[in-house]
There are 2 protein chains.
Amino acid sequence: MITVQEAEALILDNIGQLDSESIPLQQAVGRTLREPIVADRALPPFDRATLDGIALSSSAYNMGNRSFQVQGVIAAGSPPEDLQDQKACFEIMTGAPLPKGADCVLGIEEVDLEEGVAKLKDNLALSFGVGVHDAGSDCEAGATLLEPNVTLTAKEIAIAASVGKSEVLVSKSPRIIVVSTGDELVPIEQKPEVHEIRRSNDLTLSVALQLSGYRDVELLHLTDDPERCETELGSALERCDALVLAGGISKGKFDYIPETLIKLGVAIRFQRVSQRPGKPMWFGQFSQGRARMPVFALPGNPVSCFTCLRRYVIPALRKWSGLPAPKPLYAKLGHDITFKPDITLFLPVSADPRPSSELWVTPTLFNTSGDFVSVAKTDGFIELPRKRSIFPQGEAFRYFDWPQ
Amino acid sequence: MITVQEAEALILDNIGQLDSESIPLQQAVGRTLREPIVADRALPPFDRATLDGIALSSSAYNMGNRSFQVQGVIAAGSPPEDLQDQKACFEIMTGAPLPKGADCVLGIEEVDLEEGVAKLKDNLALSFGVGVHDAGSDCEAGATLLEPNVTLTAKEIAIAASVGKSEVLVSKSPRIIVVSTGDELVPIEQKPEVHEIRRSNDLTLSVALQLSGYRDVELLHLTDDPERCETELGSALERCDALVLAGGISKGKFDYIPETLIKLGVAIRFQRVSQRPGKPMWFGQFSQGRARMPVFALPGNPVSCFTCLRRYVIPALRKWSGLPAPKPLYAKLGHDITFKPDITLFLPVSADPRPSSELWVTPTLFNTSGDFVSVAKTDGFIELPRKRSIFPQGEAFRYFDWPQ
């Protein structure tokens, strides 16, 4: 049995990198950028008024002139204009280009406009550049505005749009097949017999993957029939980029999933991790030409399955798409915990961010790893390391939030 | 001019509540639940094996019996079975129903199985309930598993699925029209003249709304033509549930958006907030039968626009859908800030979560509120309150993360 850290390293070191593709910017939300975004011109591209007012020469004002002839109005989007002389000014709107000869903008509320003449008070603090966003002051043409390997959220898409990138190079969206197994599972719509339960793991995994940015998810349910299972898994391996299985991997008589996967050519990387919940977890890879498809086999127990998805699968998919590891989060334990076994404990917790900026968490009292009802009231889990049995109130441990 | 807190209260107190609708569970990801989810039967519905092993009578073992006749195999999904007598046992798989007469499950690795007989060691800690997830121990039939007014993420959808809720009552998804204005703005694909810039605000707002769970967003661009603007805004008010405008609300000559909205029947709640950036922000409401449609008019400047969306619009949409206010986040300033004006300052920051569980943030040096390039490198912003000018390193302030 390997440790949590060994399992994590075996997955992340073997995951490789997804291929990239060029897609329309509007469709790239949540994808990983795979090219730098470069300024096609200086930003701002012109000296830009930052408020509504009049554009004038600060030196004319500071030399004593208080009366400026209004030569016209410059709206945002107007072509550049020229000041006729130093005693002229333009009315100018936020975002409009400063006219040549002017060097500052005075807010409209400071100006007394009468019969085409702007009258200014004494003692105004007018100097070169006031009210102007200088051309090139945000960046020069050719500057790298975004490095590759970032998630495209609203702000990155804004930058790409501003430099005219209507198509962007991003990581492909992997096609993921989520496989549930077990004859005891019936569809949600069906009334189960007393010994049956409704199937929810596949839907839970698929929703968690969607919320983490992976939308191309197919659900596949296998009943306990080894031959059919082999055919269906073989076909699934051919048509997807990643396989996530829930259940059928324990030591039971009907847990033939691991041997079926191996028979189909999946190379096992590890099986069983010293953790609770989630001990039976399994990871392998399947060669598809140059690429190696990740195959995650998670325990069928809902809490184990959900915890392993968050702890291993989602970070792996992120790295696969080219993202760096996110900064780890830590949280302080709200009360003492004693846990004797020499394995890592994942403990579902409610999060309580404090005005001090600290994050405190309260572990949920829960029954067994089958008690998903209690987990639904939590915000994430903390990871209590092995080789210790006492975890005191106030000590900080790694915290993982559930997908939102 | 009103304060940030007054503006927030005016929006949240007036926002009302979205109508609800019943939709398939699979489509309800990210929606707000509007009904309680109740257990249709006890959970677990039967005494359930939590591991693979043999099911037996602990009292028979503790009375001295060490040899148990294997009566058969019970898989998950098998109908209930009965132990013939106290010296019999069943092989049992995780998730299977415990047979009548048995009261515990012993892991398969502890058992010596030979010719249909399970031989057990001495000194096993076998007692009533070991290896069994008791029927009804998670909840009784009729128990409320989820209260209304929570977001449906993976774990809530798992609970709903487990009790057979294939349709759920949720808040409607509001149709939001994002309106951009200004003749200076050209489409992303177009090469702008020197005095023009590419349109990105509408796309930024739409992506940020999508990432916050609001997917029904239409983009509408208005050029600077008051008559056409009135027609288009009038039509927009008729066909959407919320309007978010970017630009055209300053004091400039071409900023006729507020008066057009008022002419169309939008009741103004406030205009101008003592904040930087985002001072010109405007909020109103339009009566549509019983409902009041929110109309947010945000400054056209990209940083102001994005900040106001996060600070006001997204919390308002959340409350509108029925969600309680999230727990506020706080972060500690990485260095001293001095800011003299008696207005609230929203300062973009990079976040640095520490192993102590504290969240520290570093303000970005940025140019003007037009400098979106610097903002793209940040994780959110902090809110520095008015009536103060010195904000020392290490003090914690409200933190808002950008939509992800």
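**Figure 1. The residue of chain A closest to the rotation axis in the predicted model.** Among the residues of chain A, Glu358(A) comes closest to the rotation axis, its C-alpha lying at 2.1 Å. Chain A is superposed on chain B by a rotation of 180 degrees with 0.0 Å of shift along the axis, and the RMSD is 0.0 Å. The two copies are thus related as by a two-fold rotation axis.

**Figure 2. The side of chain A that touches chain B.** In this interface, 89 residues of chain A are in contact with 89 residues of chain B. The elements of chain A that give two or more residues to this side are the strands S11 (144–146), S15 (197–198) and S22 (329–333), together with the helices H3 (154–162), H4 (201–211), H7 and H8 (372–375). H3(A) gives the most, with eight residues. By class, this side of chain A has 45 nonpolar, 26 polar and 18 charged residues. Because 100% of the interface residues of chain A are also interface residues in chain B, the copies meet through the same surface.

**Figure 3. Helix H3 of chain A and the residue that follows.** Nine of the nine residues of H3(A) are buried, so this helix is largely enclosed by the rest of the structure. The buried set includes the alanines Ala154(A), Ala158(A), Ala160(A) and Ala161(A) and the isoleucines Ile157(A) and Ile159(A). Lys155(A), Glu156(A) and Ser162(A) are likewise buried residues of H3(A). Just after the helix, Gly164(A) takes a positive phi of about 85 degrees.

**Figure 4. Packing of helices H1 and H7 of chain A.** Two packed helices are described by the distance between their axes and by the angle between those axes. The axes of H1 (residues 4–14) and H7 (residues 302–320) of chain A come within 9 Å and cross at roughly 30 degrees. Since angles under 35 degrees count as roughly parallel, H1(A) is roughly parallel to H7(A). The crossing of the two helices, H1(A) and H7(A), is right-handed. H1(A) makes the contact through Ala7(A), Glu8(A), Ile11(A) and Leu12(A), and H7(A) through Tyr312(A), Ala316(A) and Lys319(A). By class, the contact of H1(A) with H7(A) has five nonpolar, no polar and two charged residues. Helix H7 of chain A is also one of the elements that give two or more residues to the side touching chain B.

How values were computed:
Residues numbered from 1 in each chain as written. Chains lettered and ligands numbered in written order. Predicted model: local features only at pLDDT ≥ 70, side-chain atom pairs only at ≥ 80, totals over all residues. Axes fitted to C-alpha atoms, helices over the stretch in contact; angles between N-to-C directions. Helix = DSSP H or I, 4+ residues; strand = E, 2+ residues; numbered from the N terminus. Parallel < 35°, antiparallel > 145°, perpendicular 65-115°, else oblique. Left-handed = near helix turned anticlockwise from the far one by under 90°. Contact = placed C-beta atoms within 7 Å. Nonpolar A, V, L, I, M, F, W, Y, C, P; charged D, E, K, R; others polar. Least-squares fit on C-alpha atoms with pLDDT ≥ 70 in both. Buried ≥ 20, exposed ≤ 12 C-beta atoms within 10 Å, placed from the backbone.
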